[in-house]
Amino acid sequence: MAVGVNAIYGPLVRWEGVVLVGRAPSEVRADIGRLALRHGVEAVPNVEGERDVPARGVSVGAVQQWLLDAEGFLQRGDGMVTDLLVTGPGLAEDPHGERNVASWRSNSRRRTPEPGPWPVRPERERPRWECVPLVGVGPLRFGMTPEQVSAALGGETPSSRHTYHPYPAGSLWEDQGDPAEERLIEERFEAAGVRAHYPWWEQDRGPFLGAVTALGRSGPQVLLDGIPLIGRPLTAVEADILGYLKDNDLGLRLQCSGDLEIHGLGVTVRTARVGDSVISEARLGAEQWYEE
């Protein structure tokens, strides 16, 4: 058995008077360490960089802060806050390995865990890239091949690549192609601070670049009509974006993750964790691109 406690709507669960939910993660980590030491039990780091206490069935996580605005609507804040998983003995040693628990944590985050450390590239060291909506960003243009992307980034080799099998063996569509076929969907370039997304294939040709994520901690400074989108407090970027929408009579789309997309321009403001805070990053896509 396990009980998940939401960081925003959940009760303020306490352990010996110490509130474990809805607080800055670094404060809760320190408190958990002191409580574990007092009780002679072990507090171990988990996949999110927070602390589990298996002997007490306690697992702390971290999610982005949401706050109520003046009209009573939820909006994203600039911080991270803790949520909590409380388990029975059967799950205490490895709560993240249980399928339903993993699904709850995945659905409440919609992001890959960022356990740290969280080094941030100074603004003066970030190259400045102009965003041309639906066309490209900096030296990258949508429709490029992976070889062209690498060349445009000074010949950098991707540090990681994600692929998938479009016709997996045992699936309903395995007879539509080769089950061994593997297709590229994403590359990460550490030096450039970007991720390249490849959603397009045309008659066995491809992949082609469909979107670029400029990473908040390490990416280039992307400018949208003079608005810097990367590495800033999230609320400041969103305020600038709302002004831009009003000035240009554009619409806004709120994604399931809470990210803000400028409708029709393929520009999405996302977040990256930096300890107890978040900073902005951005995903720029072609017209045919759809957000994950």
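Colleague: Which residue just after H4 takes a positive phi?

Modeller: Just after H4, aspartate 249 has a positive phi of about 55°, although aspartate 249 is not a glycine. Helices (H or I, at least four residues) and strands (E, at least two) are DSSP runs, numbered from the N terminus. The model is predicted: local features need pLDDT of at least 70, side-chain atom pairs count only at pLDDT 80 or more, and totals for chains, interfaces and linings use all residues. Residues are numbered from 1 along each chain as its sequence is written, and side-chain values use heavy atoms, leaving out hydrogens and water.

Colleague: Is aspartate 249 buried or exposed?

Modeller: Aspartate 249 counts as exposed, at 72% relative accessibility. Buried means under 20% relative accessible area, exposed over 50%, and partly exposed in between (1.4 Å probe, protein chains only). Aspartate 249 lies in the loop between H4 and strand E19 (251-254).

Colleague: Which residues of H4 are buried?

Modeller: Leu234, Val237, Glu238, Ile241, Tyr244 and Leu245 are buried in H4. Viewed down the helix axis, these buried residues fall within an arc of 115°, so they line one face of H4. The arc is taken from the directions from the helix axis to the C-beta atoms. Lys246 and Asp247, on the other side of H4, are exposed.

Colleague: Another topic: which residues does the cis peptide bond join?

Modeller: The cis peptide bond joins glycine 206 and proline 207, with omega about 5°. Proline 207 belongs to strand E15 (residues 205-208).

Colleague: And where is glutamate 16 found?

Modeller: Glutamate 16 sits in the loop between strand E2 (14-15) and strand E3 (18-19). Its phi is positive, near 50°, and glutamate 16 is partly exposed, with a relative accessible area of 46%.
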